[in-house]
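Trainee: I am new to this structure. Could we go through some of its labels together?
Mentor: Gladly, let us take them one at a time.

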Amino acid sequence: MSSTPKSEEIQIGIIGGSGLYDFEALTDVRRVHTSTPYGDPSDSLVIGSLEGVRVAFIPRHGRNHQITPTNIPSRANIYALKSLGARAVVGVSAVGSLREDFAPGDLVIPDQIVDRSRGHRADTFFEGNTVVHVPFGEPFCGTIRPSLIEAARSRISANVHKTGTYCCIEGPQFSTRAESELYRAWGMDVIGMTALPEAKLAREAELCYTGIALVTDYDCWRAGHEDVSADEVAEVMKSNTAAAKETLLGLLKDFDVDTRCSCQYSLSTSIITPIDTLRSSVSRHDDWLVRKYVP
Ligand SMILES: [Zn+2]
């Protein structure tokens, strides 16, 4: 890590998805170039203030959108945010809708994820000699989600859906119509390529993680949807991005991470390898997360 003064007191990381490459409302901004034991993050981090809260922002695909979903360095992104002091992360992403009543321009605060990625992504920090099974029944933070929903509903005019199951596919290709219909039949609500492994890694890093999913289109299941022009999609993405920024501003007003939230100590009952064994065998990669549990 490059050196960062402790006075930064960064509370929250924001990971921007398609359409959200910068955050011009940030004040007192500086850019931090950093590398991590997991390689470089998606881009340099932009540190600044929003509503008086110190925030670190990363564009998930790089600021010029040059990183495909499979290659997003999620471990480096989460490590960098945690190292800067963030205790919470909001991941913003563009998604397709799998249901009629989630229309383009709507905003979804997802509460569940189904993993349809294909195992090409490094999705754990614990790949050495430390076996950890973090709880993931509720993949998004139950403490911050209600605040995010409230912020969205009070600040933007678009429809806000307070629950939704996010189907995470590998990409980079979109689904076939048969796949899209299958996911609909399975009860999934939105489809995207980036919620995982980000949410899993945030849980392992004991960060409160929530998501804002911005509906850009109806995926491919809806007849006639192919007729939508690129200009129309671009217009939806523009208004979605504005809605996401407004929601984040609402969230950060009076924002504070609840240190009692279970996300903040997710490893406390999840490390399976005995502490005595860890003392002698903990690997360089695992150490930064488990050291506080190894007396
Ligand atoms: Zn939490």
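**Rings, charges and a loop**

Mentor: By the ring-pair rule, the count comes to nine aromatic pairs. Rings of Phe, Tyr and Trp (its six-membered ring) pair if their centres lie within 6.5 Å; planes under 30 degrees apart count as stacked, over 60 as edge-to-face and the rest as tilted. This is a predicted model, where local features need pLDDT of at least 70 and side-chain atom pairs count only at pLDDT 80 or more, while totals for chains, interfaces and linings use all residues. Residues are numbered from 1 along each chain as its sequence is written, and side-chain values use heavy atoms, with hydrogens and water left out.

Trainee: Why is the pair of Y38 and F125 called edge-to-face?

Mentor: The ring centres of Y38 and F125 are 5.2 Å apart and the planes meet at 65°, so the pair is edge-to-face. Y38 lies in the loop between β2 (27-32) and β3 (45-50), and F125 in the loop between β7 and α2, 87 residues apart. Helices (H or I, at least four residues) and strands (E, at least two) are DSSP runs, numbered from the N terminus.

Trainee: What makes G142 exposed rather than buried?

Mentor: Its relative accessible area is 57%, so G142 is exposed: buried means under 20%, exposed over 50%, partly exposed in between (1.4 Å probe, protein chains only). Y38 and F125 are both buried.

Trainee: Where does the charged end of R184 sit?

Mentor: Over the ring of W221, 3.6 Å from its centre. The rule asks for NZ of Lys or CZ of Arg within 6 Å of the ring centre and within 35 degrees of the ring normal.
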